[in-house]
Amino acid sequence: MSLSNCEAEQSTNERELCLGAHISISGSFAHAVSIAQSYGCKCMQIFTKNPRTWHAKYIEPSLAAAFHEACEHASHASFPVFAHGSYLANPASSKPAQIEKSIPSILTEIMRCERLHIPYLVLHCGHGQDESLSLASDRVISCLIEVYSHLQEHPDHDHCHPVMILLENGPGDANCVGSTFEELATILDGVSDLGFSKLIGVCFDTCHAHAAGYALSTESEVGSVCDEFFSVIEHQRLHLIHLNDAAHPCGSGRDRHLPPGEGLIGNPGFSALLHHPFLRNLPFICEVPIPDSKSGQALIHSVTELCMRKE
Ligand SMILES: [Zn+2]
Ligand SMILES: [Zn+2]
């Protein structure tokens, strides 16, 4: 390949890579945008509330306005923002008390996204306790139906800022719904005739897929897993990639994220994921602890470099 071709390929890769990270909102919503920018992020994900409590503090209009303004000024193009839902909600639960808490919790999170003009909320499908996965998937479907019917009637619902729920594939631990692509497809099919079906999409987490037994360490493995994914899920349904490496072996059902290239998926796998024709134009979010600004910059830099050089 001539130098000029090589340069052309690099600049294409650079322009297309929409890479970001999960950012803490401990300063404020607007401050999270500045932090993301200081790392070099082109997109970001936040929690709109503490994900480990049910409580959600009211979002003052001034905080929401400052956040809208920060997002508008964050980028010359667009700066996609995603919200990740609470860890407590379990829409697959067989326990009525848990469903009774999960429905209002998801509803509240959707309306927080509306208020912040965040168009996507990532949701774990949850755990089915001692029931079969097919019963548990049915519960997720009923829960989504309830959430959207309550939303329509809610006085605080803002029709002007629709929020899409992105169901995230699970890591394959016991009774975790959505760990196989077929289970995600079953849930999508279960809502396909309903008015809100366009508001349900998918987020693909690479660490979770690896933990659930989908090997992603080589270009050919990535190709096969993507073929399997897109044979049951339309590619327009996929809106986000969680780009996480894995600390535990493939198929272990154990979910511990590492920065891309530092775990068992490794650089060849991530290079293939970043270049896959159905993935390359999607936003990629790394979900790893970022202790300081230097490590945030190093994270974004190393994944960008990986994308630029074809392994
Ligand atoms: Zn994830
Ligand atoms: Zn995870």
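**Labels and cut-offs**

Guide: In helix 9 (residues 266–275), the buried residues are Gly-269, Phe-270, Ser-271, Ala-272, Leu-273 and Leu-274. This is a predicted model, in which local features need pLDDT of at least 70 and side-chain atom pairs count only at pLDDT 80 or more, while totals for chains, interfaces and linings use all residues. Residues are numbered from 1 along each chain as its sequence is written, and chains are lettered from A and ligands numbered from 1 in the order in which they are written.

Visitor: What covers the buried residues of helix 9?

Guide: The cover includes helix 7 (206–211), helix 8 (219–232) and helix 10 (293–308). Helices (H or I, at least four residues) and strands (E, at least two) are DSSP runs, numbered from the N terminus.

Visitor: Why is Asn-175 called partly exposed?

Guide: Asn-175 has 17 C-beta neighbours inside 10 Å, so it counts as partly exposed. A residue is buried if 20 or more other C-beta atoms lie within 10 Å of its own, exposed if 12 or fewer, and partly exposed in between, with C-beta atoms placed from the backbone. Gln-129 counts as partly exposed because it has 15 such neighbours.

Visitor: Which residues is Asn-175 in contact with, leaving aside its neighbours within four places in sequence?

Guide: They are His-127, Gly-128, Gln-129, Leu-133 and Ala-136; contact requires C-beta atoms, placed from the backbone, to lie within 7 Å. Asn-175 lies in the loop between strand 5 (164–168) and helix 6 (181–190), and Gln-129 in the loop between strand 4 (120–124) and helix 5.

Visitor: What is the phi of Asn-175?

Guide: Phi is positive, about 60°, although Asn-175 is not a glycine. Gln-129 also has a positive value, near 50°. Most residues other than glycine have a negative phi.

Visitor: Why is helix 2 called roughly parallel to helix 3?

Guide: The axes of helix 2 (residues 29–39) and helix 3 (residues 61–74) come within 7 Å and cross at roughly 20°. That angle makes the pair roughly parallel, since angles under 35 degrees count as roughly parallel, over 145 as roughly antiparallel, 65 to 115 as roughly perpendicular and the rest as oblique. Axes are lines fitted to C-alpha atoms, for helices over the stretch in contact, and angles run from 0 to 180 degrees between N-to-C directions.

Visitor: Which residues of helix 2 meet helix 3?

Guide: Phe-29, Ala-30, Val-33, Ser-34 and Gln-37 in helix 2 do so, and their partners in helix 3 include Leu-63, Ala-66 and Phe-67.

Notes: Two residues are in contact if their C-beta atoms, placed from the backbone, lie within 7 Å.
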